[in-house]
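Got a structure to pick apart, and a few questions about charged pairs and helix packing to go with it. Let's take them in turn.

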Amino acid sequence: MTELEKKNCGTLLGAIAGDTIGAPYEFNDNNYKAKDFPLFSAASGFTDDSVMTIAVADALMAGFGDEAKTEKLLVESMRNFGLQHPYAGYGGRFCHWLVSKNPQPYNSWGNGSAMRVSAVGWIYDTLEEVEKYAEISARVTHNHPEGIKGAQATAAAIFLARTGKSKQEICDYVEQKYGYPLSQMICDEIRPTYRMNESCQGTVPQAFCAFREGVDFEDVARTAVSLGGDSDTLAAIACSIAEAFYGIPENIAQETVNRLDEDLLEVVVKFQKFMESKS
């Protein structure tokens with residue numbers, strides 16, 4: 001905790017902050033279709049998005065540079081952290097995967113692959129590696145092409161943002177490479193009719209729109225949440241990219257850290273140290 005009070009640890013906190021900020025407004029009945037909501041409240045807390053983001057980061061560090069080892073560790077880490085935090089809000093098929101004697105991918109196109117991928121965009125230093133390990137991180141559960149695409153597009157955007165590309169360059173790359181129609185999407189047009197959608201194809205493009213239209217990290221979070229639907233995951237994805245582009249304000253980082261369980265916070269600190277050792 002002391003280290004995090006001294007400096008912004010970053011690199012995982014973008015996604016975790018988005019998840020925490022969006023959590024009170026998840027599901028259609030809780031959606032708030034405006035940007036003037038309390039950023040943090042007593043109801044703000046981490047969900048499965050954060051738990052799995054941290055689990056993926058832990059596996060990436062332990063298996064760094066080894067594809068087969070990383071894939072094996074992803075399964076182990078996701079199951080370990082998932083079972084340690086059983087009430088974080090997992091989907092039904094993922095819950096079955098967590099407790100299965102022989103866990104196998106289940107052809108999911110759900111947005112879980114994109115919400116948990118942010119560490120990939122930071123830990124590898126070429127776009128080719130980022131997209132390769134994003135696929136690996138997705139396919140242990142989400143081996144449907146849309147599930148893989150959502151993870152790859154998100155991780156690629158994080159990598160491009162942290163290496164200095166403009167929003168236009170990031171969105172152009174994602175649109176051309178992955179086919180999301182970002183140039184045709186505007187948040188004010190999405191918001192009125194957007195409803196709960198747990199697919200990558202119904203969440204990732206909307207998160208990109210929030211990132212593109214937000215003017216800073218907080219505004220990206222507010223814009224993502226204001227769209228409605230699966231608001232914590234929308235904000236987790238959008239804010240994972242926003243952190244790489246803008247950084248994360250110290251007050252938001254600290255509010256996020258304050259809501260993490262100790263075992264999760266340990267991995268966040270460990271990941272920061274790992275990244276510092278690479279630089």
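Q: Is glutamate 131 buried or exposed?
A: Keep in mind that this is a predicted model. The cut-off for buried is a relative accessible area under 20%. Glutamate 131 comes in at 9%, so the label is buried.

Q: Which residue does glutamate 131 form a salt bridge with?
A: The call needs a side-chain nitrogen of Lys or Arg within 4 Å of a carboxyl oxygen of Asp or Glu. Here the closest N and O atoms are 3.2 Å apart. The partner of glutamate 131 is lysine 177.

Q: How many residues apart in sequence are the parts that glutamate 131 and lysine 177 tie together?
A: Glutamate 131 belongs to helix H8 (residues 127-139).

Q: Is lysine 177 buried, exposed or partly exposed?
A: Buried stops under 20% and exposed starts over 50%. Lysine 177 has a relative accessible area of 45%, so it falls in between and counts as partly exposed.

Q: How many salt bridges does a search of the whole structure find?
A: The pair of glutamate 131 and lysine 177 is a salt bridge, and so is the pair of glutamate 135 and arginine 139, at 3.8 Å between the closest N and O atoms. Searching the whole structure gives a total of 14.

Q: In which helix do glutamate 135 and arginine 139 both lie?
A: In an α-helix, residues three or four places apart point the same way, because there are 3.6 residues a turn. Glutamate 135 and arginine 139 are four residues apart, about one turn. Both are partly exposed, at 28% for glutamate 135 and 27% for arginine 139. The helix they lie in is H8.

Q: How many of the eleven residues of H13 are buried?
A: The buried residues of H13 include Phe217, Asp219, Arg222 and Leu227. They pack against H2, H11, H12, H14 and H15. H13 is mostly covered, and its buried count is ten.

Q: What is the relative accessible area of serine 226?
A: Serine 226 has its place in helix H13. Leaving out residues up to four places away in sequence, serine 226 touches Tyr32, Lys33, Ala34, Lys35 and Arg191. Serine 226 is buried, and its relative accessible area is 0%.

Q: Is H13 roughly parallel or roughly antiparallel to H14?
A: H13 and helix H14 (residues 231-246) pack with their axes 8 Å apart, at an angle of about 160°. Angles over 145 degrees count as roughly antiparallel. That makes the relation of H13 to H14 roughly antiparallel.

Q: How many residues of the contact of H13 with H14 are nonpolar?
A: On the H13 side the contact includes Phe217, Val220 and Ala224, and on the H14 side it includes Leu234, Ala238 and Tyr246. One residue of the contact is polar and one is charged, and the number of nonpolar ones is twelve.

Terms used:
Residues are numbered from 1 along each chain as its sequence is written. This is a predicted model: local features need pLDDT of at least 70, side-chain atom pairs count only at pLDDT 80 or more; totals for chains, interfaces and linings use all residues. Side-chain values use heavy atoms; hydrogens and water are left out. Helices (H or I, at least four residues) and strands (E, at least two) are DSSP runs, numbered from the N terminus. Buried means under 20% relative accessible area, exposed over 50%, partly exposed in between (1.4 Å probe, protein chains only). Axes are lines fitted to C-alpha atoms, for helices over the stretch in contact, and angles run from 0 to 180 degrees between N-to-C directions. Angles under 35 degrees count as roughly parallel, over 145 as roughly antiparallel, 65 to 115 as roughly perpendicular and the rest as oblique. Contact means heavy atoms within 4.5 Å. Ala, Val, Leu, Ile, Met, Phe, Trp, Tyr, Cys and Pro count as nonpolar, Asp, Glu, Lys and Arg as charged, and the others, Gly among them, as polar.
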